[in-house]
Every structure is written in C-alpha cells, then in structure tokens.
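Thank you all for making time for this one.

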Amino acid sequence: MENMYVATQEIQISYADTDMMGVIYHANYIKWLELGRTRLIEDIGYDYMEMEKAGYYAPVYNLEITYEKPVKLGDRVFVKTWVDVNQGLRTVYGFQIVNGEGEVCAKGSTTHIVVRKENEKFKPVQFKKAFPEWFQKYEEIKRK
C-alpha cells in the first residue's frame with residue numbers, strides 16, 4: 001500500500017444538511033463522495049469535464065455506504081478517497097468520512113463505469129482504452 005494515494009477534501013456543513021434529529025441527512029453523504037472523487041481526480045492532474053468534452057461519462061454503477069457514527073452540525077468533516085480497484089470496465093473508489101477527531105463516521109465505495117455520451121443504454125467501454133494515461137495513473141496510485 002506504499003504507493004496508494006488518498007485524497008482529502010474538507011466538507012463545509014450547513015444547517016440545510018441536517019435532518020430532524022440534528023444530524024447530517026444520510027443522502028448528503030452521496031454528494032460528499034462525489035466531492036471526494038473530484039478532489040482525487042484533480043489532485044492527480046485530470047479533469048472530469050475533459051472526459052465529458054471527449055464524449056464520455058463516468059456514471060455510478062454501484063454505491064455502498066455504512067454509517068458508523070453520526071455527523072452533526074458544527075462538526076469538522078473530511079472525505080478521504082482512494083482508488084480501490086481499477087479494472088478495464090470499472091473503477092471502484094473507496095472512501096471514509098472522518099470527523100475532526102479522526103473518527104470514521106462512514107465508509108464504503110462507489111463503482112463507476114465509462115460510457116459514450118451517445119450510447120443511450122450506457123454500455124460500458126474500456127476505461128484503459130478510452131483514457132490510457134488516466135487508467136495508468138490509477139494503476140500507480142490504487143490500493144495494492
């Protein structure tokens with residue numbers, strides 16, 4: 001795991017993010033995962049919008065979250081994101097949501113595929129063929 005890269009993004013929490021119990025509403029975590037994935041992509045020198053300009057999307061294929069400790073308004077919170085699995089057809093990003101004390105509040109993964117914009121059925125294409133340099137960078141930084 002010595003080459004594994006972990007991106008860290010601090011999340012700004014607002015009152016609108018909370019539910020009736022005063023904790024962060026569970027669906028907001030999904031938005032945070034995207035912020036973490038975007039941070040990782042930018043940190044290693046790529047830009048998701050360039051993928052779209054090239055005629056591709058990287059939609060979520062699968063999402064898993066385990067909530068371990070509530071995050072509340074006023075907490076400092078960070079999303080830590082890494083490449084867990086990098087295959088020809090799909091990439092799995094691992095993540096942890098941690099509070100200011102370093103406690104894990106949620107963990108899980110999102111799996112993404114690459115598809116051509118014009119393909120309405122979202123049939124996956126080979127990430128390593130569509131974006132070989134990007135794929136190779138993920139190979140270098142993924143969890144071993």
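**Helix α4 and what covers it**

The buried residues of α4 are covered by elements that include α1, α2, β4 (77-86), β5 and α3 (127-130), where contact means heavy atoms within 4.5 Å, and where helices (H or I, at least four residues) and strands (E, at least two) are DSSP runs numbered from the N terminus. Before I go on, please keep in mind that this is a predicted model, in which local features need pLDDT of at least 70 and side-chain atom pairs count only at pLDDT 80 or more, while totals for chains, interfaces and linings use all residues. Residues are numbered from 1 along each chain as its sequence is written, and side-chain values use heavy atoms, with hydrogens and water left out.

Which residues of α4 are buried? They are W134, F135, Y138 and I141, with buried meaning under 20% relative accessible area, exposed over 50%, and partly exposed in between, for a 1.4 Å probe and protein chains only. These residues lie on the same side of α4, because they cover an arc of only 130° around the axis, the arc being that of the directions from the helix axis to the C-beta atoms.

**The nonpolar cores**

Let me turn to the cores. A nonpolar core is a set of buried Ala, Val, Leu, Ile, Met, Phe, Trp, Tyr and Cys residues joined through side-chain atoms within 4.5 Å. The largest one has 18 residues, of which L40, M51, V114, F127, F131, W134 and Y138 touch the most other members. Elements α1, α2 and α4 each supply at least two residues of this core, and its largest share, 4 residues, comes from α4. Apart from this core lies another, of 13 residues, among them I11, V71, V77 and I97.

If we leave aside neighbours within four places in sequence, W134 is in contact with I41, I44, Y46, D47, Y48, M51 and F127. F131, which sits in the loop between α3 and α4, counts as buried because its relative accessibility is 12%. Not counting residues up to four places away in sequence, F131 touches M51, A54, Y56 and V114.

**The cavities**

How many cavities of 30 Å³ or more does the count give? It comes to 2. On a 1 Å grid over the protein atoms alone, a cavity is a set of points where a 1.4 Å probe fits but cannot get out, and its lining residues have an atom within 4 Å of a point. Grid points are joined across faces, edges and corners, and a volume is the space filled by probe spheres set on the points.

The largest cavity has a volume of about 100 Å³. It is lined by 15 residues, and A58, T91, Y93, V114 and F127 are those nearest its centre. Two or more lining residues come from each of α1 (28-43), α2 (48-53), β5 (90-99), β6 (104-116) and α4 (132-141). This lining divides into 11 nonpolar, 2 polar and 2 charged residues, where Ala, Val, Leu, Ile, Met, Phe, Trp, Tyr, Cys and Pro count as nonpolar, Asp, Glu, Lys and Arg as charged, and the others, Gly among them, as polar.

The second largest cavity holds about 30 Å³ of space and is lined by L33, T81, Y93, G94, F95 and T110. Strand β5 gives the largest share of that lining, 3 residues, and the lining divides into 3 nonpolar, 3 polar and no charged residues.

**A few single positions**

F122, in the loop between β6 and β7 (124-125), has a phi near 55°, a positive value in a residue other than glycine, and F122 counts as partly exposed because its relative accessible area is 36%. T38 lies in helix α1 and is also partly exposed, at 29%; T38 and T81 are 43 residues apart in sequence and 9.3 Å apart in space, C-alpha to C-alpha. In the loop between β5 and β6 we find E101, which counts as exposed at 66% relative accessibility. M20, in the loop between β1 (7-11) and α1, counts as exposed at 89%.

Terms used. 1 Å grid on protein atoms, 1.4 Å probe; cavity = no way out; pocket = protein on both sides within 12 Å on 5 of 7 lines; lining within 4 Å.
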